[in-house]
Amino acid sequence: MAGVRGRETDRRKVLDDAARKRRARKAVEALEQDNFHEDPHADLVMSKKVPKFAESNEKPTRKKKSKSAEYYKLRFRKTFAQLVEEDASFRPEPPNYMSAQVPPSKFPERHFCAVCGFPSNYTCIPCGARYCSVRCLGTHLDTRCLKWTA
Amino acid sequence: MSESSCYILDNGGYTAKVGFSNQEPKVVPNCIMKAKSERRRPFIGSQIDECRDASGLFYILPFQRGFLINWDTQKTVWDYMFSKECCPVNFSDTPLIITEPLFNFSSIQEAITEIFFEEYDCTSLLRINATDLAEYNYRKTHNNKCTVVVDSGYSFTYIVPYINGKKYRDGIRRIDVGGKVLTNHLKEVLSYRQLNVMDETYVINQAKEDSCFVSQDFMQDMAIAKKKGSENTIVKDYVLPDYTSIRRGYLRDIVKPDEDLEQQTLRLNNERFSIPELLFHPSDVGIPQMGIPEAIMHSIAACPEENTENLLENIVLYGGNVLFPGFRDRVYNEVRSLALDHFDVNVTKADNPVTYAWEGGKQIFRDPDFYSFCVTREEYEEEGKALAFERFDI
């Protein structure tokens, strides 16, 4: 009984539109991430010389010394956001990077159950996620619904 | 001056396609990877083939959102590629063709010009969009006037119309969905439904390549995937690699639970086709953009009307995502249904979708005007970077 009541108090808490949008944006941003775990070698103290190629030591054919990777990192250091901003002044008139992005589709959005991925007809009232059956709703409430919001 | 071969580097965000024009290209991962199992060394490019246990690989990529951002990583991978270990080259006697993304940012263009002339002692350089090479490749075999090139790669999918061999900039369209989004979405879905694989990008990317297909009738396939027992022809198990007896995972039919208990598997059902579906409906994961067929129509509609017919007749698909079974047929069917009835629609899947642009580089090197497209070292020293901006149509 206590469990059910606990759920009912949860259910009264409803995420507002801004919070839902924030969640959705975070989910989309996560799709761009390269890694979800820490660098496994982060705790290793590595000499700056590693990695090096055996060949390059044997025959110094190149007359001038080649510049290190680190040099180029510092030389061309710019983030993606900086580059986009810079482009807006370099190529202000479309067509440019920003204008090439396709607009939203004119076809209606489709909805899928956040638990099992099958087409869904229902919306979770507190968080706005989709679900397809009572069973999936239960899983959703137990695992994701408002778990990650304070 | 006319050398017998040139060096072609299709520098993609996930793999680089590299090699001399008179040889076959090598497909090299354009990244550095670190493994949990080998604490001493990072793996650069194809060195990953020497890694015994590729679980939990950590990626360091030079590209972010399709643009070259991390120069130290790129320099390290390039040094590896140009060394004896991979595909050795001396740029002082070999011209270089290198690809760049469309609308590449000016400071990245400048940096590439500088690094190849000043660091790698390049004598002739041609910087070009991969889609230009693909279009050239297509035009040389089809003798057509207009082409729509669809490049569906790791970082994004570009649709680029060409009229008389020149890209029509107002018609260029980008969908921010590529192989990376697909793999990450598959990881997310599997981690929630079955087993935490968030750290296993490398393995799940292979699972995606081995298992996913593009559905021809999405709702019907959903209905099939809902069925139980032998009526469900979609559900399969993916056997995960254990790096002792299995080096790469594989897809197999469902067997009774008492057999093969040692193997760890992931059950793939609607995931098999709902993942590539994002290329056709990015809004399924909340990316408010058109899918590929609709974007093709949007692109063609932005071109002069007299070219519509010719563009629809020459749509060519390449890039890693094109390898999904059913990709071409789905694009064809949807474009066919969106286009006016009296137009013909032709959609061609590149023979080898991964190296199609690279092969175009081979063709363009044989063009009698090839050297007029390049910037030479003398020109660079004389006139500086401004000339490169003028000559290269990026």
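This is a predicted model: local features need pLDDT of at least 70, side-chain atom pairs count only at pLDDT 80 or more; totals for chains, interfaces and linings use all residues.
Entry: I then looked up how chain B is divided, and found domain 1 (7-33 + 59-129 + 355-391), domain 2 (134-177 + 283-349) and domain 3 (179-276). Taken over C-alpha atoms, the centres of domain 1 of chain B and domain 3 of chain B are separated by 37 Å.

**Entry: extent of the interface.** I looked up the contacts between the chains, and 84 residues of chain B turned out to be in contact with 65 residues of chain A. Between them the two chains bury about 6,800 Å², and carbon and sulfur atoms account for 58% of that area.

Entry: I searched the interface of chain B and chain A for salt bridges, and the rule finds nine. I looked up the pair A:Asp34 and B:Lys180, whose side chains meet in a salt bridge at 2.7 Å, N to O.

**Entry: the side of chain B that touches chain A.** I asked which elements of chain B each supply at least two residues of this side, and I listed β6 (58-60), α1 (71-81), α2 (106-119), β14 (173-175), α4 (179-193), α6 (218-226), α8 (292-301) and α14 (385-391). The largest share, nine residues, comes from α2(B). Finally I sorted the residues of this side by kind, and I recorded 35 nonpolar, 18 polar and 31 charged.

Key. Residues are numbered from 1 along each chain as its sequence is written. Chains are lettered from A and ligands numbered from 1 in the order in which they are written. Side-chain values use heavy atoms; hydrogens and water are left out. Contact means heavy atoms within 4.5 Å. Buried area is the accessible area (1.4 Å probe) that two parts lose on being put together, summed over both. A salt bridge is a side-chain nitrogen of Lys or Arg within 4 Å of a carboxyl oxygen of Asp or Glu. Helices (H or I, at least four residues) and strands (E, at least two) are DSSP runs, numbered from the N terminus. Ala, Val, Leu, Ile, Met, Phe, Trp, Tyr, Cys and Pro count as nonpolar, Asp, Glu, Lys and Arg as charged, and the others, Gly among them, as polar. Domain bounds come from an automatic or database domain assignment.
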